[in-house]
Amino acid sequence: MNIGAALLQPPMLAESAWLEHAPFAAWLIEKLRPKCLVELGTHRGYSYFAFCKAVSHFKTGTACHAVDSFKGDEHAGFYDDEIFKQVIAQNKPYENFSTIHRMDFSEALSQFTDGSVDLLHIDGRHFYDDVKEDYESWLPKLTSHGVVLFHDISVTERNFGVGKFFAELTASKKHFAFMHNNGLGILAPNETPSALEALFELSGRDALEFKELMEELGRRFTLQFQHRRVLEELALTRAQLTETQDKLVLSADQLTHEMTERKRQSERIISLEGKLGPALAKNNRLHEEKLELAKKLYSIETSTFWRLTSVPRTIVHKTPTSVRRALRLMARVSYWALTPHHMGARWKYLKENGAKKVLIQQLSGDMRADDRAAYARWIRQQDTRSNIDREMIDCAVSAMQRKPLLSIVMPVYNTPAAILEKTIQSVRDQLYPHWELCIADDASPAPHVAEILSRWQAIDTRIKVIRRQSNGHISAASNSALELASGDYMVLLDHDDLLAEHALYSIATALGERPDADILYSDEDKIDESGSRFDPYFKPDFSYDLMLGQNLINHLGVFRLALVNEVGRFREGFEGSQDYDLALRCLERTSFDRVVHIPEVLYHWRQPTGPESFSQTALQRCVDASRKALGEHLSRTTQADLRPVVEANPSVWSWNRVRWQLPDPRPQVSVIIPTRDHAALLKQCVEGLLHRTDYDNLEILIADNGSCEDETKALFESWSTISNIRVVDTAGPFNYSRINNDAVTASSGDVILLLNNDVDVIEPDWLTEMVSLAVRPDVGCVGAKLLYGDGRVQHAGVRLGAGEFDGGIGVAGHLGLFAAADDLGYFGSYVLPHEVSAVTAACLAVRRTIYEEVGGLNESDLAVAFNDIDFCLRVREAGYRNIWTPHATLFHLESASRGSDLTPEKAARFYGEAHYMRRRWGPYLDRDPFYSMHFDHRKNDYVLS
């Protein structure tokens with residue numbers, strides 16, 4: 001085939017995924033000589049103007065049409081009118097035969113009659129459904145011998161679906177494909193044009209040579225572009241070299257300054273070393289005191305008195321917790337009665353803090369995070385820096401190899417003067433100096449705002465200010481502030497809040513440890529007008545499902561600036577939830593392991609008593625914007641037929657609930673129920689599955705471990721005629737892991753549901769909820785909310801390291817234990833689906849493929865206890881996420897069919913299994929990523945350490 005036309009150079013040499021296809025574009029125009037060409041998705045015009053130049057050069061008389069909204073999309077990025085203006089300018093030489101249509105693809109259909117288009121180039125949104133819709137809606141516009149081009153057929157990341165759709169078409173239609181430079185597919189949907197018959201007939205060596213030729217010619221243009229860029233960079237380097245030579249005369253002064261600074265740092269180190277000596281001496285004294293106390297303790301424990309009181313102490317130890325609490329309360333009440341002169345202060349404290357909460361605290365002695373006085377003590381003990389701490393941080397900053405510039409973005413509107421001053425001062429007080437504060441005044445009518453900003457800008461060159469001519473609200477103002485940003489990362493700060501003095505230092509430290517991080521976020525608390533901090537949110541590590549329910553990343557949110565620009569910055573129309581919308585769009589362009597949690601309180605969210613913020617005065621609009629952002633995010637990241645439904649969380653309407661859809665047909669669920677007698681419990685459990693559960697495609701396997709009662713045998717016989725119930729014989733010593741594994745082997749379902757025989761159904765949609773989560777590709781185990789018979793919570797997920805074992809950190813314990821059924825939990829932890837390290841196997845759903853991949857439950861080491869925790873940790877180790885959901889709630893009578901674990905034999909077995917867990921999973925148990933390190937592992941849920 002004559003390839004002379006392929007030598008035509010395109011009009012635009014630029015870094016583009018299209019550039020190396022320009023030779024084929026020119027060859028195709030000269031060969032096909034179409035009367036009408038339409039391109040869907042033009043962007044900067046790299047492909048379109050290559051076609052136009054070929055039309056002009058070969059005088060084919062083709063009418064060319066470019067169709068694009070010129071707003072951008074998720075793959076190309078979003079952009080403004082500047083791109084459209086550039087395309088109009090590029091079109092000037094071709095405007096006698098080229099028309100630019102600024103409209104959506106569907107709008108443009110009416111501009112063309114059926115059977116009028118000879119060459120159609122589809123290069124719009126690249127999701128599978130969008131490409132398919134573009135092809136099918138424009139197919140009638142093609143002539144009988146029309147040809148369609150598909151760009152990016154070899155791209156699979158970021159949910160590109162062009163290649164998948166093109167592959168489906170090629171099964172029955174003439175086609176040809178290039179795989180270089182993101183791939184280009186050529187398709188003849190109807191008749192093969194005579195001019196391209198030779199192309200479509202190429203095969204084997206001939207096809208390979210033609211592809212290699214076109215790729216080599218395209219590569220020539222890339223090399224030309226790179227050569228031109230090198231020449232430009234060389235010219236720039238020469239200019240910079242000249243500038244550097246001019247600056248060399250100043251180098252002596254700079255060197256002197258640096259030597260002075262190094263001397264200052266050396267003197268500071270010497271000063272710190274001087275302070276370190278007394279600190280070490282004090283530490284040695286404390287160590288000696290500790291040894292002395294240990295000796296005294298030993299003498300007490302070996303004394304005659306200690307031996308004689310062993311019986312009473314044993315009685316006290318075995319006394320039920322409720323009795324001990326009652327005795328403790330009686331002692332406190334007696335003390336109150338004997339000290340009446342303190343009653344005035346006590347009544348005041350009860351009034352301020354609530355009698356019920358004070359009573360609970362008095363009983364438990366716990367320092368709860370939601371108690372102001374307790375949190376104030378925690379701040380004094382754990383979150384207060386001394387001058388020595390600040391000097392150490394200063395030295396650490398000086399030693400940093402990488403010092404990222406952090407751009408703090410702060411839109412401002414009519415902020416009260418005193419509050420604005422404090423916010424700016426909190427930035428200037430940062431212990432990390434490499435920052436810039438980018439402020440956009442959103443046309444504040446109050447004159448003090450401009451005065452304050454101008455004054456601070458003159459004081460500190462790191463403070464940049466832009467004043468908008470009109471009020472555009474927070475999204476537009478944030479984008480204006482972003483125009484000033486030149487840093488590596490964007491840090492979000494509201495105009496009335498405060499940063500902790502070590503906030504930016506902690507961010508820079510985290511980036512030093514994780515330079516690949518795209519998003520970072522920290523813990524936060526609230527601050528009142530008196531400067532008192534309260535209501536801390538000690539967050540878990542990143543949990544995508546929790547993020548869908550509430551904005552976990554805010555506050556303090558930190559984003560790689562290049563990523564923010566890539567996704568199109570803040571979007572207007574999402575005011576009040578603009579940061580949530582931005583975070584969701586950024587999450588689409590990165591992976592969850594590049595979202596880093598900094599477990600420190602770095603942000604103080606002001607709770608105003610004066611004019612309220614947007615998010616407080618227009619909460620409904622904020623919530624609507626949040627749900628709109630979430631709905632659009634899910635529509636971009638899920639298949640159309642499986643698109644989830646977003647609605648209000650039933651417990652707190654401002655939080656979200658996502659209802660995930662099940663595939664059609666629904667996957668079969670194999671329900672595994674281990675049992676030994678207890679016919680009444682088992683019957684209740686099975687009847688709940690058969691008659692009070694709205695999921696039909698299930699099989700029930702009763703894993704019978706030696707039932708011998710007549711009532712149980714009669715029950716089994718009554719089920720013999722029900723096709724989806726089977727009794728599997730798992731006789732032998734009780735080994736919960738083996739019993740379940742044997743039953744799973746005998747099952748056939750796509751999803752395995754491990755279920756205790758003492759579980760009873762409450763709401764019919766519980767299994768739909770669990771399966772809809774379990775079938776998601778990245779999800780491993782799914783757990784339910786379990787209640788005791790009296791309605792209190794028995795299980796709301798599992799936290800690792802709970803309690804104590806062998807004098808150290810424990811193995812695991814249930815979250816939410818004994819909480820009221822309607823208790824929201826810590827920041828929604830009992831009512832929002834979220835990621836957990838583990839869930840109980842009393843009700844656990846998992847895909848069969850995952851169960852088999854990790855080898856099921858551990859029969860050899862964990863016959864009874866902790867086998868579910870071990871299983872969940874192995875599932876996490878395999879790369880899946882474990883999810884707990886409150887939207888599947890059931891009753892659980894807590895192992896009613898098992899005997900006591902207090903016999904010596906069972907106690908020894910329990911100790912051995914706990915010891916195995918500590919040996920196998922020690923580092924995981926010591927640091928549960930979904931339960932803050934600031935909580936005491938020995939205490940109840942969410943008690944400060």
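Predicted model: local features only at pLDDT ≥ 70, side-chain atom pairs only at ≥ 80, totals over all residues.
Colleague: Is Ser475 buried or exposed?
Modeller: Ser475 has its place in helix α19, which covers residues 473-482. A residue counts as buried when its relative accessible area is under 20%. Because the relative accessibility of Ser475 is 0%, Ser475 counts as buried.

Colleague: How far does helix α2 reach from its first C-alpha to its last?
Modeller: Helix α2 runs over residues 46-58 and has 13 residues. At 1.5 Å a residue the expected reach is 18 Å, and the model comes close to this, with a reach of 19 Å.

Colleague: Which residue follows α2, and what is its phi?
Modeller: The buried residues of α2 include Tyr48, Phe51, Val55 and Phe58. After α2 comes Lys59, and its phi is positive, near 50 degrees.

Colleague: Which are the edge strands of the open sheet of seven strands?
Modeller: The strands of this sheet, whose pairing is mixed, stand in the order β5-β2-β1-β6-β7-β9-β8. An edge strand here pairs on one side only, and this holds for β5 (98-102) and β8 (174-178).

Colleague: What is the bridge partner of Leu119 in β7?
Modeller: Strands of a sheet pair through backbone hydrogen bonds, in either a parallel or an antiparallel way. Strand β6 (residues 117-122) pairs with strand β7 (residues 142-151) in the parallel sense, over five bridges. In β7, the partner of Leu119 is Val147.

Terms used:
Residues numbered from 1 in each chain as written. Heavy atoms only, no water. Helix = DSSP H or I, 4+ residues; strand = E, 2+ residues; numbered from the N terminus. Buried < 20%, exposed > 50% of the residue type's maximum accessible area, 1.4 Å probe, protein only. Expected span 1.5 Å × (residues − 1). Pairing = 2+ DSSP bridges.
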